[in-house]
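Q: Could you walk me through how the strands in this model are put together? I'd like to take it one piece at a time.

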Amino acid sequence: MHKKSLKIEFVEYDSTNGLDSDLLDLINQAENNLKNAYAPYSNFKVSSVCKMANGKTIFGTNQENGAYPSGLCAERVAVFSAKSQFPDQNIEKIVITTEQTAEHPVSPCGACRQVLIEYELAQKQPIELILKSGNSKIWKFKSIKDILPFAFDGATILKKS
Ligand code: THU
């Protein structure tokens, strides 16, 4: 029997002071896009932006639906759109912001984590994750693996035994 443990590291910024200007600009753009969220049911607006290797920025906001499960989270809207437009480009960063201030930055739901890890594993390069919720502190993770340890890797299905 072996007792094992995992350690996750991430960076916390008390405010936007100290962030590099490119990242601050990306966060500001995501926040400006919160107005495009369609969240009449939850009234919880989320906005996300993917920064691609070719420098393009692709936005997504949560899109809800009266038939609740038909809606989609902001980060999946952004990621699916990014990979639809630029299938051969790596996703370098993803920023997720919310209108509402939360005690801790809101982090992606399980389904969004699984979608993000799919592309991170496929591109063999980590996707940096930046979270900010209203006036919250800012969290920065180096990789999606840090928020989804022991992830299911779709490539397992493709491997023949
Ligand atoms: N939501 C997101 O867009 N991203 C998340 O990471 C968490 C939740 C959305 C889904 C729904 O429209 C609203 O927030 C409330 O759950």
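This is a predicted model: local features need pLDDT of at least 70, side-chain atom pairs count only at pLDDT 80 or more; totals for chains, interfaces and linings use all residues.

Q: OK, so what about the hairpin of E5 and E6, how many residues sit between the strands, and which residue takes a positive phi?
A: Four residues lie between the strands of that hairpin, and Gly134 is the one that takes a positive phi, near 60°. The strands themselves, E5 and E6 (residues 138-141), run antiparallel and are joined by four bridges, with Ile130 having Lys140 as its bridge partner in E6.

Q: And is E5 mostly covered or mostly open?
A: Strand E5 (residues 128-133) is mostly covered, since six of its six residues are buried. On one side these are Glu128, Ile130 and Lys132, and on the other Leu129, Leu131 and Ser133, so that both faces are covered.

Q: Why two sets like that?
A: Because side chains in a regular strand alternate between the two faces of the sheet.

Q: How do E4 and E5 run, parallel or antiparallel?
A: Strand E4 (residues 91-98) and E5 run parallel and are joined by six bridges, and Ile94 has Leu129 as its bridge partner in E5.

Q: Switching topic, in what sense do E2 and E3 pair?
A: Strands E2 (residues 46-52) and E3 (residues 57-61) pair in the antiparallel sense over five bridges, and Thr57 is the bridge partner of Lys51. They form a hairpin with four residues between them, where Gly55 in the turn has a positive phi of about 90°.

Note on methods
Residues are numbered from 1 along each chain as its sequence is written. Side-chain values use heavy atoms; hydrogens and water are left out. Two strands pair if DSSP finds at least two bridges between them. Helices (H or I, at least four residues) and strands (E, at least two) are DSSP runs, numbered from the N terminus. Buried means under 20% relative accessible area, exposed over 50%, partly exposed in between (1.4 Å probe, protein chains only).
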